[in-house]
Amino acid sequence: MCDSGSAPMIAPSILSADFANLGAEAEAVAGSGTNRADWLHVDVMDAHFVPNLTLGLPVVESLLKATDIPLDCHLMIEDPGRWAPPYAEAGAYNVTFHAEATDDPVAVARDVRAAGAKAGLSIKPGTPLEPYLQILRDFDTLLIMSVEPGFGGQQFIPEVLAKARAIRKFIDSEDLRLLVEIDGGINADTIEQAAEAGIDCFVAGSAVYGAADPGAAVGALRAQAAAARASAG
Ligand SMILES: O=C(CO)[C@@H](O)[C@H](O)COP(=O)(O)O
């Protein structure tokens, strides 16, 4: 899915937004043209799988009424087999859960897709890609974590780019329809190396919601990624 004809996708993470004004924060990246976010990344944390607690299904249901930007729900939770399908039923566009949180990721993906959403698999920085290569046909997205999941504003871990390069090769050789996302520490200093490694969709929290103009930050990140991708060939 990463080809010269498609613009890099930007998914602002609402983890860095003002939680008392989520509807307005979604609208801040819903402008037109290159400043419009492709997806809104929604970080669901349960204080068990990760040491932080954010929001859950009721907030996602409210966000779905507040914005027409597709919601990219990233479930950093235990027991995704139980909790992921309801996000799909509610109307999330993409529902991503962690490989480390389930023994049967394919079954969870099947249930998410049956409930009407795209299915995403996420791996932490230290989790290898190889054990999951053969199940990626059951997924629509792969989310490579470039920080330890749990908190925004952390420093990008460049070592994960080896996984991005490997999955890009695998996608091309197997002719897979899989969109590759990266999440954590993406900003003006790091997005180019991620783009060169073959990433399709860039999640950015503090770089977007910490900017004076979040919409302009989306446009600037997309332009940087596009330029880096073009110069990488
Ligand atoms: O899932 C997570 C953290 O667990 C991410 O979505 C971060 O929230 C991204 O924030 P920045 O690193 O871009 O500030």
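A word on the model. It is predicted, so local features need pLDDT of at least 70 and side-chain atom pairs count only at pLDDT 80 or more, while totals for chains, interfaces and linings use all residues. Numbering runs from 1 along each chain as its sequence is written.

Now, which residues does UniProt list for "binding site"? The unreviewed entry gives H41, D43, H74 and D183, in the numbering used here, and such annotations may be inferred rather than shown by experiment. They span 143 residues in sequence, yet no two of their C-alpha atoms are more than 10.6 Å apart, so they gather at one spot.

Let's visit two of them. D43 sits in strand 2 and is buried, with 24 C-beta neighbours inside 10 Å. The cut-offs are 20 or more other C-beta atoms within 10 Å for buried, 12 or fewer for exposed, and partly exposed in between. Beyond four places in sequence, the contacts of D43 include S13, L15 and H74, where contact means C-beta atoms, placed from the backbone, within 7 Å.

D183, in strand 7 (residues 179-183), is buried too, with 27 other C-beta atoms within 10 Å. H74 is also among the contacts of D183.

Key
Helices (H or I, at least four residues) and strands (E, at least two) are DSSP runs, numbered from the N terminus. Two residues are in contact if their C-beta atoms, placed from the backbone, lie within 7 Å.
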